[in-house]
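I opened this notebook to record what I looked up in one structure. The entries are kept brief.

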Amino acid sequence: MKLEKLIDWQRLEAKFKQHYRGKGTCAKPIRLLTGLEYLKQIHKLSDENTMVMWCENPYWQYCCGMQFFTHEPPCDPSS
């Protein structure tokens, strides 16, 4: 929860928005995608292990902007 407050999410969204369309059925929020990538990198995880951790960790979900805990992965790392 401390990490969520340290990251300037608005700045990240402004920087990435120009490269992100946000349209279509597969569109995900920029905060979710950047948060997952950040957590993946600092913990040195594979895409698949990042999704496993996501499903088990409410703090990760909160950090990435989720309002409610879920056991469902936010995306399919194999696609």
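**Entry 1: Basis.** I noted that this is a predicted model, in which local features need pLDDT of at least 70 and side-chain atom pairs count only at pLDDT 80 or more, while totals for chains, interfaces and linings use all residues. Residues are numbered from 1 along each chain as its sequence is written, and side-chain values use heavy atoms, with hydrogens and water left out.

**Entry 2: Lysine 40.** I located lysine 40 in helix 3, residues 30-42. Helices here are DSSP runs (H or I, at least four residues), numbered from the N terminus. Is lysine 40 buried or exposed? I found a relative accessible area of 17% for lysine 40, so this residue is buried. The classes are buried (under 20% relative accessible area), exposed (over 50%) and partly exposed (in between), computed with a 1.4 Å probe on protein chains only.

I then looked up the partners of lysine 40. Not counting residues up to four places away in sequence, lysine 40 touches Leu45, Ser46, Asp47 and Thr50; contact means heavy atoms within 4.5 Å. With aspartate 47, the side chain of lysine 40 makes a polar contact of 2.5 Å. A polar contact is a pair of N or O atoms within 3.5 Å; within protein, one must be able to donate a hydrogen and the other to accept it, and residues adjacent in sequence count only if both atoms are side-chain atoms.

**Entry 3: Lysine 44.** I placed lysine 44 in the loop between helix 3 and helix 4. Its relative accessible area is 74%, so lysine 44 is exposed. I also noted a positive phi of about 55 degrees at lysine 44, although this residue is not a glycine.

**Entry 4: Helix 4.** Which residues of helix 4 (residues 47-56) are buried? I listed Thr50, Met51, Trp54 and Cys55. They lie on the same side of helix 4, because they cover an arc of only 135 degrees around the axis. The arc is that of the directions from the helix axis to the C-beta atoms. As a general point, an α-helix has 3.6 residues a turn, so residues three or four places apart point the same way. Helix 3 and helix 5 (58-63) are among what covers the buried residues of helix 4.

**Entry 5: Glutamate 56.** Glutamate 56 also belongs to helix 4, and I recorded it as exposed, at 57% relative accessibility. The C-alpha atoms of glutamate 56 and histidine 71 are separated by 6.8 Å, and these residues are 15 residues apart along the chain.

Methods:
Helix = DSSP H or I, 4+ residues; strand = E, 2+ residues; numbered from the N terminus.
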